[in-house]
Amino acid sequence: MNSQFKKGIIELCVLTLVKNRDYYGYELVEEISKKVDIAEGTIYPILRRLTQENYFETYLQESDQGPPRKYYRITKLGRSTQENELTDWKDFNKNINALLKMGEG
Amino acid sequence: MRKEVYISELSRHIRKLPAADIKDIIADYEEHFTNGRAAGKTDEQIVQSLGMPKAVGQEIMMNTLVTTAETSTTLVQRSEVVLRMLLLFLVLAPFNFLMLVCPFLVLACLLMAGWAIPFALVAAAIGIVAFIFQNFALIGVVGILTGLSMACMWIGTIGIAVLISLVMLVLTKGLLNLIIAYVKWNVNFITARKA
């Protein structure tokens with residue numbers, strides 16, 4: 001698939017994962033790049049921006065392997081944003097699928 | 001590429017950011033390397049899936065410039081950020097930049113010409129004052145009415161200059177916003193690829 005992904009979609013993926021549980025950067029990035037072929041380095045700027053826009057809070061937690069890790073936790077604002085964006089995405093998908101079905105005849 | 005090289009390259013590409021931001025950003029990538037190594041990966045493998053430091057750094061810079069451009073309040077500040085944004089945009093997306101460059105140059109020239117008008121008027125107003133002072137004795141000769149009409153002309157000139165300046169201010173802001181919106185729409189795509 002084309003590697004030019006709309007940032008909004010990656011953003012929705014990130015929001016959705018963190019909504020389910022707290023993640024540290026590395027595991028979140030791995031989770032996404034397992035499914036989507038994207039340069040992992042570009043996910044950190046997205047995490048940073050979502051944090052700056054108060055969708056996430058971060059905290060440090062000790063790990064048994066080395067230095068403490070930065071965890072991301074979703075905020076109330078992040079939760080409602082995720083819900084809105086998910087609805088938008090589902091509507092978009094539904095409409096596009098309907099359109100593609102028309103093409104199949 | 002080893003971790004240390006990657007980190008120093010990335011730092012070089014984002015060196016224009018505030019020191020606190022650089023520290024934060026670099027910490028994220030260092031943590032990524034630490035976790036990747038703990039998961040048994042070599043630095044080469046980690047770098048391969050991260051994407052080259054240059055591409056990642058440019059992506060970070062562009063994101064920051066777009067945000068700064070949108071939040072900067074003064075016109076001078078905003079113009080400066082937009083210029084830097086355009087320079088980076090030239091590197092990131094040369095073809096899209098070329099599409100932008102012709103209309104941009106034309107509009108920029110028109111704007112400069114527009115800004116020249118109020119400056120010319122102010123210069124004229126200063127000229128009038130100078131003329132009055134130089135020929136102060138003349139007023140006695142030409143009479144108080146001519147003196148008054150000259151004063152009115154002076155006020156009128158200043159007024160028109162202020163008016164045109166205000167219009168130009170709105171137009172300049174409009175053009176800057178247009179450029180920001182265009183670049184923002186273009187950088188809505190992630191262009192950095194895996195190494």
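Biologist: What percentage of the 105 residues of chain A count as buried?

Modeller: In this predicted model, 26% of the 105 residues of chain A count as buried, where the word requires 20 or more other C-beta atoms within 10 Å of a residue's own.

Biologist: What makes A:Asn54 buried or exposed?

Modeller: A:Asn54 has 12 other C-beta atoms within 10 Å, and since a residue is called exposed at 12 or fewer, A:Asn54 is exposed. The residue sits in the loop between H3 and strand E2 (56-61) of chain A, and its phi is positive, about 65°, although A:Asn54 is not a glycine.

Biologist: Which residues of helix H2 (residues 25-35) of chain A are buried, and how do you know that they line one face of the helix?

Modeller: The buried residues in helix H2 of chain A are A:Gly25, A:Tyr26, A:Leu28 and A:Val29. Seen down the axis of H2(A), these buried residues fall within an arc of 165°, so they line one face of the helix. As a general point, an α-helix has 3.6 residues a turn, so residues three or four places apart point the same way. The face of H2(A) turned away from the buried side carries the exposed residues A:Lys34 and A:Lys35.

Biologist: What covers the buried residues of H2(A)?

Modeller: The cover includes helix H1 (7-20), strand E1 (23-24), helix H3 (43-52) and strand E3 (69-74) of chain A, together with helix H2 (19-38) of chain B.

Biologist: Why is a set of residues called a nonpolar core, and how many residues has the largest one?

Modeller: The name is given because its members are buried residues of listed kinds, Val, Leu and Met among them, joined through C-beta atoms within 7 Å. The largest such core has 42 residues, and those with the most contacts inside it are A:Val14, A:Val18, A:Leu47, B:Val56, B:Leu65, B:Val66 and B:Met85. Helix H4 (residues 53-71) of chain B gives the most to this core, with eight residues.

Biologist: Which element of chain B has the lowest mean pLDDT?

Modeller: Helix H7 (residues 136-142) of chain B has the lowest, at 66, whereas helix H1 (residues 3-13) of chain B has the highest, at 95. For chain B as a whole the mean pLDDT is 85, with 92% of its residues reaching 70 or more. Where pLDDT is low, the predicted coordinates should not be read in detail.

Terms used
Residues numbered from 1 in each chain as written. Chains lettered and ligands numbered in written order. Predicted model: local features only at pLDDT ≥ 70, side-chain atom pairs only at ≥ 80, totals over all residues. Helix = DSSP H or I, 4+ residues; strand = E, 2+ residues; numbered from the N terminus. Arc of directions from axis to C-beta. Contact = placed C-beta atoms within 7 Å. pLDDT = per-residue confidence, 0-100.
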